[in-house]
Amino acid sequence: MSYLKFEKALMTNLEESLPKELLRTNRSGAYSCSTIVDCNTRKYHGLLVVPVPNLDDENHVLLSSLDVTVIQHGAEFNLGLHKYQGNNFSPKGHKYIREFDCDRVPTTLYRVGGVLLKKEVVFQHYEDRILIRYTLVDAHSATTLRFKPFLAFRSVRQFTHENSAASRDYSQIDNGIKTCMYAGYPDLNMQFSKKNEFIFQPDWYRGVEYPKEQERGYASNEDLYVPGYFEMNIRKGESIVFAASTSEIKTTGLKHLFEKEVDERTPRDNFFHCLINAAHQFRIHEKNDDRYILAGYPWFKSRARDMFIALPGLTLSIEEEDYFELVMKTASVALREFMEGKPLTKKIYEIEQPDVLLWAVWCIQQYARECGRDKCYEKYGKLLTAIVKFIESDKHPNLKLDENGLLSVSGGKEKAMTWMNSTANGRPVIPRSGYIVEFNALWYNALMFTASLIREQKDEKNAAHYEELAAKCKESFLSTFLNEYGYLYDYVDGKMIDWSVRPNMIFPVAFDYSPLNQEQKKSVLDICTRELLTPKGLRTLSPKSGGYNPMYVGPQSQRDYAYHQGTAWPWLSGFYMEACLKLYKRTRLSFVERQMVGYEDEMFNHCIGTIPELFDGNPPFRGRGAISFAMNVAEVLRTLELLEKYTY
């Protein structure tokens, strides 16, 4: 039986099917995304969504959707689905869906009377081309298919509306047409593997509505342009391939290309394979051979902190160290450019954040663990020592090494400096400044790891120096962060001490080198378990702490105040599980396995086959935010790998 399969009863019930989204990517920055019933519910949804570098650094929706109509004996059955104002859906093509299967490629089976039509979709790797194969599985009389494309030609952050500036011009190309609505955009080439007739019938479909944008407090209506429609006959057993792309293709090769792309797909036939598939979707391969990790879909870019936290789980945990090295090759250039004060030449955002260098060390540390310490030193030894020296020398504009051995952060009250980065009215919702708990845990870990690595290379002098710095950091860490109730302050800024119970204290429990002893670790872990742990990750704030706001709903301002005030984040639980296994070994295996079940449930919800950005901190723990989030997928994969190591 298929793993990701949904029967007719669910597919035809829009309350059940509309919240389930589906993402396909090409690993070059473009994507295709909608719901499993092909009804767009976000402005970010579209059949072909591509970057247009000469306009901006956003993605742009070119082809919003493609309606298919089955025609028999003059009767028309439109399989499309759009939502309009007033909760009106038209046409209602979902009622013809018999089943949906997503094990290898997304496959929808439609039944219209005696007609059985199968639709399969792939996004060609490294090309801005969506491919859809339609197969007439069964039919008892002559059948015609009509294809109606809905065009947007707009940024994912905007809407399009009926206007006179949109060009209606089109040109005939091999088995299709090409058109471009506005200057600056690439041509949209729509082609079929079979000869067809294109009927030019330009019109605007007005008032298409996106309910997810309504939920988020944004404008939610737009108009879509339809240039006309394609028609062709189809025989029983015949397959027709449709391609939409920014470049023209020879249509004689479309069927072979579709088969080739299907063969390259990772089957999503179990939890682990779904996560591998999701992990590959975050990969970005630029034409200049730069490699990146995207922070998430549909609106995130490649962010430095996210990349270094996610990279080990997305590569090393699935035995793909070669891709780790390719991303680090690009990232290393960016890190050195930043440390040397040079203009950045790589598309990595927020590299100036003060903990990015520290997470880069942790990332390299995971490589040493998986691939060997000698190999790690050979590849990244110089970068490691350069990072530590840079921080020690107080060259970072927002990071200072104080006499007591701790790192202090300046400017955190005016600008978000940590991963808890939500802002309201231009200021951080959580103004973390001064001594920040995870920064100093990362610093101690970085010093000890670097010292141990270079000592193995006979660099005794520098190793002893870093160990001396680490000893001072350890002593001050304990006196600064450890309180009488057995947990760690979140940050200490002069006389300002944050007593909030937050998950950032889990990091020193999980890291290989920690300033805490075993009893202190157990105490911190126990409090995290009692007050922060949910089936979907660690809460960002304890329900017992002031300001607890666990529901990530409502307009932007309301969500900003909830973002890190009680919502649960799966990636944090990766470090929590690591801490559990390090402290209690095999006795916690069944507990960790049960926690993983909570994430497997998500394979069938929200965006199927992946894990969303965050969850409400209270039951029923609904998924919220970005539909697929790199750090979450990465840490679940890393936890599964840790489970395997402790099991065997």
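The legends below describe close-up views of a predicted model.

**View 1. Helix 11 with its buried face.** Helix 11 covers residues 460-481. Its 22 residues should span 32 Å at 1.5 Å a residue, and the end C-alpha atoms lie 31 Å apart, which agrees. The buried residues of helix 11 fall within an arc of 155° when seen down its axis, so they line one face of the helix. These buried residues are Ala463, Tyr466, Leu469, Ala470, Cys473, Ser476, Phe477, Thr480 and Phe481. On the other side of helix 11, the exposed residues are Lys461, Glu468, Glu475 and Ser479.

**View 2. Elements that cover helix 11.** Several helices and strands contribute to the cover over the buried residues of helix 11. The helices include helix 9 (373-392), helix 10 (437-455) and helix 12 (507-510). Among the strands are strand 23 (399-401), strand 27 (434-436) and strand 28 (491-493).

**View 3. Surroundings of alanine 470.** Alanine 470 is part of helix 11. With a relative accessible area of 1%, alanine 470 is buried, because the cut-off for a buried residue is under 20%. Leaving aside residues up to four places away in sequence, alanine 470 touches Tyr444, Leu447 and Met448. Glutamate 321 is 149 residues from alanine 470 in sequence, and their C-alpha atoms are 30 Å apart in space.

**View 4. Helix 6, a mostly covered helix.** Helix 6 is formed by residues 304-315. From the first C-alpha to the last, helix 6 reaches 16 Å, close to the 16 Å expected at 1.5 Å a residue. Of its 12 residues, 12 are buried.

**View 5. Arginines over tyrosine rings.** The charged end of arginine 146 is placed over the ring of tyrosine 229, at 4.6 Å from the ring centre. In a second pair, arginine 588 lies over the face of tyrosine 584, 4.0 Å from the centre of the ring.

**View 6. Cysteines without a disulfide partner.** The count of disulfides is zero. For cysteine 39, the closest cysteine sulfur is that of cysteine 33, at 12 Å, which is too far for a bond. Cysteine 39 counts as buried, at 1% relative accessibility. The sulfur of cysteine 371 has its closest cysteine sulfur in cysteine 376, and the 8.4 Å between them is too far for a bond. Cysteine 371 is also buried, with a relative accessible area of 17%.

Technical notes. Residues are numbered from 1 along each chain as its sequence is written. This is a predicted model: local features need pLDDT of at least 70, side-chain atom pairs count only at pLDDT 80 or more; totals for chains, interfaces and linings use all residues. Side-chain values use heavy atoms; hydrogens and water are left out. Helices (H or I, at least four residues) and strands (E, at least two) are DSSP runs, numbered from the N terminus. The expected span of a helix is 1.5 Å times one less than its number of residues. Buried means under 20% relative accessible area, exposed over 50%, partly exposed in between (1.4 Å probe, protein chains only). Contact means heavy atoms within 4.5 Å. A charge sits over a ring if NZ of Lys or CZ of Arg is within 6 Å of the ring centre and within 35 degrees of the ring normal. A disulfide is a pair of cysteine sulfur atoms within 2.5 Å. The arc is that of the directions from the helix axis to the C-beta atoms.
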